[in-house]
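Let's take a friendly walk through this structure, one region at a time. Keep the view open beside the text as you read.

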Amino acid sequence: MNVAIKPEPSGGQAAARRHFSDINVMVAGQGGDGSLTIASLLSALFAHRGFHLYSTSNIASRIKGGHAAAYLRASVKPSGCMGDVIDLLVAFDDEAVEIAAPAMAPDGIVVFDSSKGPPPTGVLADTIRVFEIPIGRLAVRDLRRDLLKNCIGFGVVTRILGIDDKDAEGSLRHRFRRIPEAAMETNIDAFRLGLANADENGLPAGDSPWTVDEGGREEHLMISGNEAFSFGFLVAGGRFYAGYPITPATEILTWLERRLPQFGGIAMQAEDELSAINLAIGAAMTGVRAMAGSSGPGFVLMQEGVSQLGSAEIPLVVVDCQRAGPSTGMPTKVEQNDIGTMISGDYPRVVLAPADQGDCFEMSIFATNLAQRIQGPVIAALDRALSQDSTTVKPFDLSGVELDTGKRLTPDEIAGLKEYRRYLITDDGVSPWAVPGTPGGENLVTGNERNEWGLVSAEPKNRKRMVEKRARKIESVRGDLPKGKRWGDADAAIGLLGFGTVGAVMERAAERLAKAGVEVQILQPRTLWPVLDETVEFIRARRRVYVIEHNAIGQLAHLVSGGGAPKERMVSILKFDGTPFRAVDLVDFILEQEASL
Amino acid sequence: MTKTYTPAEPIWCAGCGDFGVQGAIEGAIAQLAIPKHDIIIMAGIGCSGTLQNNVGTYGYHALHGRVLPTSTGVAYANPELTVIAVGGDGDAFAIGAGHFIHTVKRNPNFVYIVMNNSVYGLTKGQDSPTMDAGAAHGIDATRLALSIPGASFIARGFSRWSRQLQELTVAAMEHVRAGRGFAFLEVLSPCVTYHDTYVTWEGMLENLDDDPTYDPTDLAAAFARGVALEAQGRMPAGVIFRSDGGAGRKIPPAMALQDIDPARHIDRYNDIMSSYAV
């Protein structure tokens with residue numbers, strides 16, 4: 001087998017006028033100057049047209065300046081990730097062109113802000129059309145405001161896409177519907193200035209180089225993983241959160257700081273992650289549903305606290321929005337490199353991995369309930385892309401949400417007991433739980449080994465029984481832990497395995513592998529720990545499984561082989577350069593491998 | 001009556017200052033007639049971090065250095081509880097020193113009793129940050145607390161002065177139960193095994209509670225007195241500073257007792273969801 005797959009021009013046809021049902025747009029320039037708003041205006045435009053959306057950004061870890069890029073994929077079918085190539089680039093400086101050039105579709109279009117001169121030569125392929133428009137100069141000269149570059153640029157871009165001027169203006173008005181009337185009119189003026197300059201530069205109304213489809217998608221939510229996870233926590237009755245600002249987990253803190261007080265709860269910005277996890281532990285001990293969150297470096301600082309949850313048997317959700325590490329690493333870049341940390345230490349815990357932004361909502365609810373059931377730590381493994389990138393998802397079913405309080409005792413139940421032992425040995429390992437303030441429930445909670453009464457004990461027999469009791473808690477819920485998402489041919493001899501943000505990329509790759517004659521089945525585990533039988537069976541049942549992950553040592557592969565999966569069947573595909581996998585990366589690698597075997 | 005755990009016997013050496021602290025806490029609980037189920041004793045790590053086992057209330061054994069954030073979490077999540085945090089000077093001013101500053105600043109409603117003996121007893125006598133070493137004085141945590149905006153109750157007791165110690169404990173608990181905020185009570189609690197300072201410390205203390213001219217609501221005076229005493233090789237005891245700045249704060253009901261049934265909030269949840277609709 002020897003099939004060469006070139007990056008697919010996303011959904012377009014190589015006709016004189018390309019028609020798009022799937023388009024990738026990049027807007028890039030210096031960060032903080034507002035030019036990137038064009039991406040969000042286009043997002044609103046495509047949303048209005050019924051497209052599915054995926055948006056991401058590539059920013060430097062600084063407040064203002066540095067090169068910044070916003071990306072948008074708009075497609076009639078859901079995508080869940082960016083495409084292989086950039087079809088349309090809006091570039092505000094030379095650097096934007098240089099960064100985008102290798103990823104540009106051969107028949108792509110560039111809108112270049114020529115205020116400071118023409119675009120760099122010899123960078124872009126000759127087949128790419130470039131429209132040079134002095135967007136910045138127009139904004140300053142005609143409107144006296146540099147910030148209005150965004151609406152001028154938006155006007156030009158709508159002409160490239162063949163959007164009716166009225167529709168484009170309507171979309172702009174809708175996007176800005178909350179701003180004052182005068183500001184609205186200024187923005188509309190800028191938009192019209194963009195149209196006028198499009199007229200003068202070969203982009204007249206009604207004769208566009210490209211056209212785009214109508215989507216027909218039903219109403220969806222455009223939401224990021226951090227937002228969906230925070231929302232799920234709230235709906236699951238979560239009322240206490242603690243964290244320390246850290247990219248890419250900060251949005252959870254700010255979301256909950258805004259919302260929890262409206263529901264009688266608190267989100268606390270702690271002095272460090274040691275404090276954050278212990279604040280959350282304190283709140284959780286009182287019976288409130290609580291969560292702490294961070295990313296790699298902060299998550300490591302929380303580890304002693306997580307072990308305390310496991311030992312002292314306190315329910316808490318800990319969310320880790322992974323980023324490129326180790327150490328400070330690359331704060332704004334994607335990676336999935338904390339799996340080793342998440343499963344380290346000899347105590348029971350569950351590690352969940354939401355499959356996509358929508359699943360973050362479901363899994364947050366599941367995690368919050370599960371923590372109550374197992375009275376211990378439930379870790380949620382997100383990653384930078386899943387956390388911060390927004391995509392269109394089906395609206396959440398709020399009416400079906402149920403709360404599970406596990407073995408929490410009511411005051412009446414305690415009053416009816418002859419005696420109460422906090423760490424009572426039980427068949428399922430879960431001890432009935434009396435929270436402070438309840439008469440008759442007085443107890444001692446400790447991370448020391450202790451007897452059933454909570455009194456410290458290092459007696460060997462007691463120690464063994466207590467370790468086994470705690471371990472049984474995980475076995476008692478194993479059957480209820482979230483199964484993975486599967487796609488593709490169930491009988492395929494080749495498998496793809498990856499979690500979190502890798503899922504959608506695997507799915508896009510599988511479609512193209514099938515076209516090239518390689519049928520695969522995908523498993524995207526949603527429970528990383530304990531390793532579920534389905535994961536081990538998935539690998540055992542296949543000739544070869546490509547384990548696809550964003551880290552340098554193949555942590556997922558190590559995890560599942562430790563869980564019993566045969567190592568020799570696994571081939572790792574690793575990416576740790578800070579950029580997300582593209583479907584083409586997987587397709588090329590797998591076809592080459594399969595051809596050589 | 002539901003039978004619960006039988007309080008443990010203290011593990012401390014005969015003559016340990018911590019007996020005096022436990023006695024003061026038990027005396028204060030009895031004096032204020034607070035039911036034991038409404039109290040949680042949050043303990044640090046070390047000899048002092050076993051006190052919670054001995055009293056019969058709810059108890060929690062925190063991670064080393066983390067008793068303050070954990071207690072803050074408890075106090076915020078269930079303001080109806082009387083939260084008494086206890087621990088040693090290593091816990092408070094070495095491994096947990098960062099939290100001390102931020103807890104004084106936040107002023108949450110709980111009592112914090114630090115049993116200061118200037119050594120790590122359980123690990124056999126290493127110096128703690130409050131130990132005088134050569135020319136350098138140990139950290140005086142009462143003055144550290146005075147320097148932090150938000151401080152509302154700062155006192156020092158001596159484990160041998162049991163009557164005053166119980167009064168100070170009662171005052172700290174009343175401060176907290178009135179919603180005025182964080183009550184910091186440092187107790188000089190000598191380690192008879194590694195650093196027996198009963199006689200030295202007693203000689204160094206000036207009891208401000210016996211001084212009718214001393215005004216504990218005057219921050220500048222409190223600071224000046226501490227500095228002046230230190231220059232003489234002495235230190236203050238009693239209520240060093242108190243402020244009613246936090247008085248009258250609304251104490252919300254316990255979060256854990258709130259109705260979190262999703263059906264009750266579904267309209268507001270729907271509003272949030274619709275803000276993401278496209």
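This is a predicted model: local features need pLDDT of at least 70, side-chain atom pairs count only at pLDDT 80 or more; totals for chains, interfaces and linings use all residues.

## A parallel pair to start from

Strand β19 (residues 494-497) of chain A and strand β22 (residues 544-549) of chain A run parallel and are joined by four bridges.

Zooming out, β19 and β22 of chain A belong to an open sheet of five strands, ordered β18-β20-β19-β22-β23, with mixed pairing. At the edges you will find β18 (485-488) and β23 (570-574) of chain A, each of which pairs on one side only. On average, neighbouring strands of this sheet are turned by 20° against each other, direction ignored.

Helices join the picture too. Helix α18 (residues 533-540) of chain A packs on the sheet, where it touches β19, β20 (520-524), β22 and β23 of chain A. The direction of α18 makes about 145° with that of β19(A). Helix α19 (residues 555-562) of chain A lies across β22 and β23 of chain A, and runs at about 130° to β22(A).

## A second sheet in chain A

Chain A also has an open sheet of eight strands, again with mixed pairing, in the order β7-β6-β5-β2-β4-β3-β16-β9. The edge strands here are β7 (129-133) and β9 (221-224) of chain A. From one strand to the next, the twist averages 20°.

Within this sheet, have a look at strand β3 (residues 52-58) and strand β4 (residues 67-75) of chain A, which run antiparallel and are joined by seven bridges. S57(A) stands opposite A70(A) in β4(A).

## Domains of chain A

The domain assignment divides chain A into domain 1 (18-212), domain 2 (222-393), domain 3 (411-479) and domain 4 (485-596). Between the C-alpha centres of domain 1 and domain 3 of chain A there are 60 Å.

## Where the two chains meet

Chain A brings 63 residues to the contact and chain B brings 51. On the chain B side, β2 (58-61), α2 (67-77), α4 (97-106) and α9 (266-274) each supply at least two residues. Of these, α2(B) gives the most, with eight residues. The residues on this side of chain B divide into 25 nonpolar, 20 polar and six charged.

The bridge partner of V445(A) in β2(B) is Y60(B).

Conventions: Residues are numbered from 1 along each chain as its sequence is written. Chains are lettered from A and ligands numbered from 1 in the order in which they are written. Domain bounds come from an automatic or database domain assignment. Two strands pair if DSSP finds at least two bridges between them. Axes are lines fitted to C-alpha atoms, for helices over the stretch in contact, and angles run from 0 to 180 degrees between N-to-C directions. Two residues are in contact if their C-beta atoms, placed from the backbone, lie within 7 Å. Ala, Val, Leu, Ile, Met, Phe, Trp, Tyr, Cys and Pro count as nonpolar, Asp, Glu, Lys and Arg as charged, and the others, Gly among them, as polar.
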